[in-house]
Amino acid sequence: MSVLESEIAGQAPEATAAATLLKIAYDRASFRDLDAEIESSKERILGLADNWDGEGSPRYSRATLDRATAFVRAHASWVSDTFGKDAPVPHINPGPEGSIDIHWKQPTWELLINVPADANQKAAFYGDDYGSGTIKGSWEGDRYNSLLRTWLMR
Amino acid sequence: MVDEIEPAWTVESIPDVDRVFMRAHEMHFRDGKLQPGVFRQHGDGMSVDWEKYSTPPETKGRAKKPSENAVVGFIVGVVRAIPSLEVQHKPERSNRAHSNVMGLPSHDPDLVEIRLKLLRISTVVMELEIPR
């Protein structure tokens with residue numbers, strides 16, 4: 001039990017509402033790293049103009065980045081709600097041809113999701129445990145993917 | 001112009017033990033580490049330079065803005081060990097070292113897998129001037 005949760009447990013009944021609000025604020029703090037990564041990705045990626053790398057790469061659309069960050073947020077909320085723990089925070093990076101990469105590199109597994117610039121194309125993913133355990137596929141990026149959820153809880 | 005009077009270079013076979021180099025823009029680095037977004041098809045394939053005819057500084061010098069680029073290297077045989085990938089010499093008049101990594105799939109899970117595997121076998125041979 002955290003210090004804050006201990007404090008809440010000791011509150012008088014009339015303080016319950018305020019304590020609940022504090023608890024919500026405390027939970028929200030667990031997303032600070034994720035929010036920082038999302039804000040960072042907006043600054044780094046949306047500021048790139050066409051041919052930003054001198055190799056002809058196109059700029060990135062807000063809509064593509066929003067699809068990527070919506071998935072990451074939804075997943076983090078699901079992990080928090082279901083398991084009461086923080087999901088690992090990925091890197092959100094510029095991908096090829098206006099797409100967005102979501103990349104987790106953990107000690108025991110690695111996963112790369114690519115959200116294409118074309119909203120009509122499916123998002124694609126590949127991950128492994130640096131051995132024989134792999135996950136690979138594609139899905140409608142704006143929907144839940146239970147296979148990915150499970151993998152991200154390894 | 002030199003390019004107009006020089007004959008085209010002969011296409012050669014690149015040995016497995018040789019290295020090829022590729023520029024990596026500074027936006028593809030996080031906390032000093034290369035990210036998988038750097039790997040993409042450009043024309044016929046993923047453009048690289050064969051070490052027989054190019055050094056890392058020369059590869060970097062061919063960027064529009066060299067100061068914004070690092071250089072990464074691959075062992076050709078290790079690239080070829082990834083299913084579907086091949087490395088072919090494709091010299092240009094102005095760049096005898098030019099080669100292509102061929103066989104990258106179009107957007108789908110296979111491409112995502114190959115990008116992650118290319119990331120794992122790449123080595124930064126020339127760091128960014130200003131680390132990111």
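Predicted model: local features only at pLDDT ≥ 70, side-chain atom pairs only at ≥ 80, totals over all residues.
1. Let's start with the fold of chain A. Chain A holds 5 helices and 5 strands. Reading from the N terminus, the order is α-α-α-α-β-β-β-β-β-α.

2. Next, packing within the chain. Of the 154 residues in chain A, 43% are buried. If you look at contacts between residues at least 6 apart in sequence, 40% of those in chain A join residues at least 24 apart.

3. Now for the interface. Chain A brings 33 residues to the contact and chain B brings 26 residues. Together the two chains bury about 2,500 Å², and carbon and sulfur atoms give 53% of that area. Three residues are worth a look here: A:Glu55, A:Leu112 and A:Tyr126 supply 23% of the area that chain A buries against chain B, more than any other three residues.

4. One of the salt bridges pairs the side chains of A:Glu37 and B:Arg30, at 2.8 Å from N to O.

5. Finally, where does the side of chain A that touches chain B come from? The elements giving two or more residues are helix H3 (32-46) and strands E1 (91-94), E2 (100-105), E3 (110-115), E4 (123-128) and E5 (134-139). By class, that side of chain A has 11 nonpolar, 12 polar and 10 charged residues.

Conventions:
Residues numbered from 1 in each chain as written. Chains lettered and ligands numbered in written order. Heavy atoms only, no water. Contact = heavy atoms within 4.5 Å. Buried area = accessible area lost by both parts, 1.4 Å probe. Salt bridge = Lys/Arg side-chain N within 4 Å of Asp/Glu carboxyl O. Helix = DSSP H or I, 4+ residues; strand = E, 2+ residues; numbered from the N terminus. Nonpolar A, V, L, I, M, F, W, Y, C, P; charged D, E, K, R; others polar. Buried < 20%, exposed > 50% of the residue type's maximum accessible area, 1.4 Å probe, protein only.
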